[in-house]
Amino acid sequence: MAEAAKVPGTPRKKAAAAGPKKSRTKREAVSPDVLEKMLGIVTTSLDEDGAVDIVTLDLVGRASFADRMVIATGLSDRQISAMAHHIERKLGEEGFKRVLVEGTNGSDWVLIDIGDIVVHLFKQESRELYALERMWGSDIDSAEAEVAVGSDEEQS
């Protein structure tokens, strides 16, 4: 810390240059029963609201921010916003109060953070553009296993 005092700049600039503080707290895993209950509420609500192509991805061991990711498509901004509102309300009725929703005011993409589950609601064009299924899907793991980077065959 004594070295930081020697560096010119305000304390704010020094803190920004140092980067974020390392957090040692880990997200506590929720019980599988609770996770499945939340997931059931989300997928049932999306199905009832007419969501298209509902996909659930298992992120256990692949991401620290959530255990599941749900991706669904809506036909309009209004439908997507309504789907997000319904999910938030139904989870609240079941006692899950920590639900954060972003993008409900006329966006092509709404994000719902339920803690152990992250829900992405897209319009079709945005879903194709961001391609979260390809980024987080299980087929990416098998594709990485098939390609041996730096193998002898590539170097020849």
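Trainee: Where do we start? Is strand E2 buried or exposed?
Mentor: This is a predicted model. In it, seven of the seven residues of strand E2 (residues 68-74) are buried, so E2 is largely enclosed by the rest of the structure.

Trainee: Which residues point which way from E2?
Mentor: Arg-68, Val-70, Ala-72 and Gly-74 point one way. Met-69, Ile-71 and Thr-73 point the other way. All are buried.

Trainee: How many bridges join E1 to E2?
Mentor: Five, and the two strands run antiparallel. E1 covers residues 52-58. Asp-58 has Arg-68 as its bridge partner in E2, and Val-55 stands opposite Ile-71.

Trainee: And how many join E2 to E5?
Mentor: Seven, and that pair runs parallel. E5 spans residues 117-123. There, Val-119 is the bridge partner of Val-70.

Trainee: What is the strand order in the whole sheet?
Mentor: E1-E2-E5-E4-E3, an open sheet of five strands with mixed pairing. E1 and E3 (100-102) are the edge strands, each pairing on one side only. On average, neighbouring strands are turned by 15° against each other, direction ignored.

Trainee: Which strands does helix H3 touch?
Mentor: H3 (residues 32-48) packs on the sheet and touches E1, E2 and E5. The direction of H3 makes about 5° with that of E2.

Trainee: What about H4?
Mentor: H4 (residues 77-93) packs on the sheet too, touching E2, E3, E4 (109-113) and E5. The direction of H4 makes about 160° with that of E5.

Trainee: New topic. Where is Ser-126 found?
Mentor: In helix H5, residues 124-130. Ser-126 counts as buried because its relative accessible area is 8%, under the 20% cut-off. The side chains of Ser-126 and Asp-108 are joined by a polar contact of 3.4 Å.

Definitions and conventions. Residues are numbered from 1 along each chain as its sequence is written. This is a predicted model: local features need pLDDT of at least 70, side-chain atom pairs count only at pLDDT 80 or more; totals for chains, interfaces and linings use all residues. Side-chain values use heavy atoms; hydrogens and water are left out. Helices (H or I, at least four residues) and strands (E, at least two) are DSSP runs, numbered from the N terminus. Buried means under 20% relative accessible area, exposed over 50%, partly exposed in between (1.4 Å probe, protein chains only). A polar contact is a pair of N or O atoms within 3.5 Å; within protein, one must be able to donate a hydrogen and the other to accept it, and residues adjacent in sequence count only if both atoms are side-chain atoms. Two strands pair if DSSP finds at least two bridges between them. Axes are lines fitted to C-alpha atoms, for helices over the stretch in contact, and angles run from 0 to 180 degrees between N-to-C directions. Contact means heavy atoms within 4.5 Å.
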